[in-house]
Amino acid sequence: MFTLPPLPYSEDALAPHISELTLSLHYGKHHKGYVDALNKLLEDNVLADLSLTDIIQRSHGYVARLPIFNDAAQSWNHEFFWNSMKPGGGGAPEGAILAKIKRYFGDTKAFGDEFAKIATAHFGSGWIWLVVKDGMLAIVTTHDADLPLLHGETALLCCDLWEHAYYLDYQNRRAEFISSFLDHLANWDFANANLAAALANQDESMMALEHPDMGRADI
């Protein structure tokens, strides 16, 4: 049984960039709806005792499990999105993520321009992500409930491109919403923490490849 995780801030904390009404409906109706639907689908199901990420991976690509995948993935995506924002966020990143952005995009303006361009051009519903794969930074979009986990990528930051994420505040002006996300909301501390974890896991994997007997109890 999954529960709706609490928001990391109050429902009015992101105003005026995301209004209390938008956040209340998005979190309390859409996100909660995915969690509730997932719990109902998992009743007496073989996947019921798995973690959320395991359910996502075990249901992806199976037509009979598509409803489970959609609700599980959207539950994960939304929790990640809430953490990708913070009151007083946005602006120029700092720390390791800044160095990566400069390496792969040139500077923060070029990164912001590219992020906004890709997000605005994305057709239909979905998500835009800053990801790392094999140590390299990239901006990617996914449609509907799809997410980087299924493509060998580690998500660092994301923004919701479904219309319910912004329509009450911005109507059809997705580009303006994306600018507000980058300038005032993006949680670069969260992105840095995800980057550090991803690079640590990469280092551990490389060590295991170089020393395949490490960790064996019979050595």
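This is a working chat about the structure shown above.

Reader: Before we start, what kind of model is this, and which residues count?

Author: This is a predicted model, in which local features need pLDDT of at least 70 and side-chain atom pairs count only at pLDDT 80 or more, while totals for chains, interfaces and linings use all residues. Residues are numbered from 1 along each chain as its sequence is written, and side-chain values use heavy atoms, with hydrogens and water left out.

Reader: Okay, aromatics. How many aromatic pairs are there in the whole structure?

Author: A search of the whole structure gives 14 aromatic pairs, where rings of Phe, Tyr and Trp (its six-membered ring) pair if their centres lie within 6.5 Å, and planes under 30 degrees apart count as stacked, over 60 as edge-to-face and the rest as tilted. One of them is the tilted pair of tryptophan 76 and tryptophan 129, with 6.3 Å centre to centre and 35° between the planes.

Reader: Which parts does that pair tie together?

Author: Tryptophan 76 is in helix H3 (residues 66-83) and tryptophan 129 is in strand S1 (residues 126-133), so the pair ties together parts that are 53 residues apart in sequence. Helices (H or I, at least four residues) and strands (E, at least two) are DSSP runs, numbered from the N terminus.

Reader: And is tryptophan 129 buried or exposed?

Author: Tryptophan 129 is buried, at 0% relative accessible area, whereas tryptophan 76 counts as partly exposed at 21%. Here buried means under 20% relative accessible area, exposed means over 50%, and partly exposed is in between (1.4 Å probe, protein chains only).

Reader: What about tyrosine 170, what does it pair with?

Author: Tyrosine 170 forms a tilted aromatic pair with phenylalanine 177, at 5.6 Å centre to centre and with 55° between the planes. Tyrosine 170 is buried at 5% relative accessible area, and phenylalanine 177 also counts as buried, at 1%.

Reader: Which residues form the aromatic cluster?

Author: One aromatic cluster is formed by Tyr27, Trp76, Phe80, Phe81, Trp82, Trp127, Trp129 and Phe190.

Reader: Switching to helix H4, which residues are buried there?

Author: In helix H4 (residues 96-105), the buried residues are Ile97, Lys100, Ile101 and Phe105. Seen down the axis of H4, they fall within an arc of 100°, so they line one face of the helix; the arc is that of the directions from the helix axis to the C-beta atoms.

Reader: And what follows H4?

Author: Glycine 106 follows H4, and its phi is positive, near 100°.

Reader: Which residue other than glycine has a positive phi near 60°?

Author: That is aspartate 44, with phi near 60°, which is found in the loop between H1 and helix H2 (52-59) and counts as exposed at 86% relative accessibility. Aspartate 134 also has a positive phi, of about 55°; it is found in the loop between S1 and strand S2 (136-143) and is exposed, with a relative accessible area of 62%. For context, most residues other than glycine have a negative phi, and most peptide bonds are trans.

Reader: Where is the cis peptide bond, then?

Author: The cis bond runs from alanine 15 to proline 16, with omega near 5°, and proline 16 is in the segment before H1.

Reader: Last one: where is leucine 21, and is it buried or exposed?

Author: Leucine 21 is in helix H1 (residues 20-41) and is exposed, with a relative accessible area of 54%.
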